[in-house]
Amino acid sequence: NEQPLVLGIESSCDETGVAVVRGHDLLSNVVSSSLDEHVRYGGVVPEVASRAHLEAMVPAVDRAVREAGVALRDLDAVAVTAGPGLASALMVGVGAAKALAVTLGTPLYGVNHLDAHIAVDVLEHGPLPEPTIALLVSGGHTSLALVRDITSDVSLLGETLDDAAGEAFDKIARLLGLPYPGGPMIDRAAADGDPTSLTWPRGLANARGGHRPYDFSFSGLKSAVARWVRERREAGLDVPVADVAASVQEAIADVLTSRAVQACRDLGVAHLQVGGGVAANSRVRALAEQRCATAGIELRVPRRGLCTDNGAMVAALGSELVRKGRPASDLWLGTDPSRPI
Ligand code: KG4
Ligand code: ZN
């Protein structure tokens with residue numbers, strides 16, 4: 001009764017990720033990014049990303065298998081991100097996964113990218129406690145979900161009504177003249193700034209009609225920063241980049257962690273898992289830790305390298321699907337660019 005050997009493929013955005021896991025053990029994790037090619041456009045260009053996936057895919061599969069010390073024929077399953085993501089980018093991964101599954105005669109699992117961001121934590125902290133509340137914060141998504149079973153029962157509690165948290169970081173960084181992707185840049189700049197020097201709107205903190213209690217909104221924050229920066233420049237004053245970065249990071253971390261901890265309290269859930277690229281943010285990690293400790297909630301955040309897009313998250317979810325005996329996808333598996341959580 002060996003644990004299943006699963007290869008995972010991720011190609012929903014600009015990272016070509018291929019990884020091999022055995023059960024909850026990560027054997028290899030190859031990530032090749034086309035980020036450099038998108039920097040001058042200030043965002044990911046789908047056509048450029050897909051072409052890069054095509055070039056990187058076979059070498060990445062080859063390397064992942066080699067570094068794992070296994071052979072392709074040993075694989076028990078192939079898992080791949082089927083959505084959400086960029087349509088043309090997803091197609092490259094799904095095409096490669098199908099080719100492998102057919103050639104090897106293994107089951108194929110099309111997985112949800114958002115669920116995979118949550119599932120990756122099993123590689124670091126073992127089986128996900130059930131239920132767990134998951135805060136998923138990336139460039140495309142900001143969602144709070146109740147996870148009763150990561151392979152079959154994930155329900156959305158709330159999500160952003162406008163920009164995703166990572167998008168807010170990226171857009172505000174651009175206003176400050178910092179290069180794309182802005183999240184890590186703001187994280188770095190914030191280290192030299194004073195988070196209390198400026199205060200920004202906390203979005204939906206003052207109840208606005210119609211939204212659910214765990215929804216988020218970041219467009220107000222972005223507009224407030226844009227207005228403030230414009231007024232400073234028009235007045236001939238310099239923009240204190242480090243202070244803006246630190247205070248913006250504080251506002252985003254505050255909203256994300258307070259709402260997540262509130263959901264745990266309200267629903268009586270003792271475990272919080274934070275995933276997605278923004279979970280790499282140092283203030284989000286620190287504040288989540290602090291607030292969970294106060295509330296008696298167990299916090300699970302994967303190491304930074306597993307928070308951003310990679311193949312390990314897909315392989316981890318694939319491994320859970322195999323272990324729980326969930327049905328595989330058929331070979332007509334399509335991509336679903338706007339697949340919900
Ligand atoms: O999960 P991810 O790699 O890709 C998506 O599925 O979107 O997330 C990328 C997002 C980007 O918006 C990036 O700016 C943000 O995560 N990000 C960060 C940090 N590292 C990555 N945001 C804040 N602080 C960071 N350290
Ligand atoms: Zn992602």
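**Ligand shell and domain layout**

Helix 7 gives the most residues to the shell around ligand 1, namely four. The model is predicted. Its protein chain is divided into domain 1, covering 5-120 + 310-323, and domain 2, covering 130-302.

**Around ligand 1**

- Ligand 1 is surrounded by 19 residues.
- The closest of these residues are Gly139, Gly166, Gly183, Gly277 and Asn281.
- Two elements give two or more residues to the shell: helix 6 (165-175) and helix 7 (182-190).
- By class, ten residues of the shell around ligand 1 are polar, six are nonpolar and three are charged.

**How the domains are placed**

- The centres of domain 1 and domain 2, taken over C-alpha atoms, are separated by 27 Å.
- Contact between the two domains involves 14 residues of domain 1 and 17 residues of domain 2.

**The side of domain 1 that touches domain 2**

- At least two residues of this side come from each of helix 4 (113-119) and helix 12 (311-323).
- Helix 4 supplies the largest share of this side of domain 1, with five residues.
- The residues on this side of domain 1 comprise eight nonpolar, four polar and two charged.

Conventions:
Residues are numbered from 1 along each chain as its sequence is written. Chains are lettered from A and ligands numbered from 1 in the order in which they are written. This is a predicted model: local features need pLDDT of at least 70, side-chain atom pairs count only at pLDDT 80 or more; totals for chains, interfaces and linings use all residues. A residue is near a molecule or strand if its C-beta atom, placed from the backbone, lies within 6 Å of it. Ala, Val, Leu, Ile, Met, Phe, Trp, Tyr, Cys and Pro count as nonpolar, Asp, Glu, Lys and Arg as charged, and the others, Gly among them, as polar. Domain bounds come from an automatic or database domain assignment. Two residues are in contact if their C-beta atoms, placed from the backbone, lie within 7 Å.
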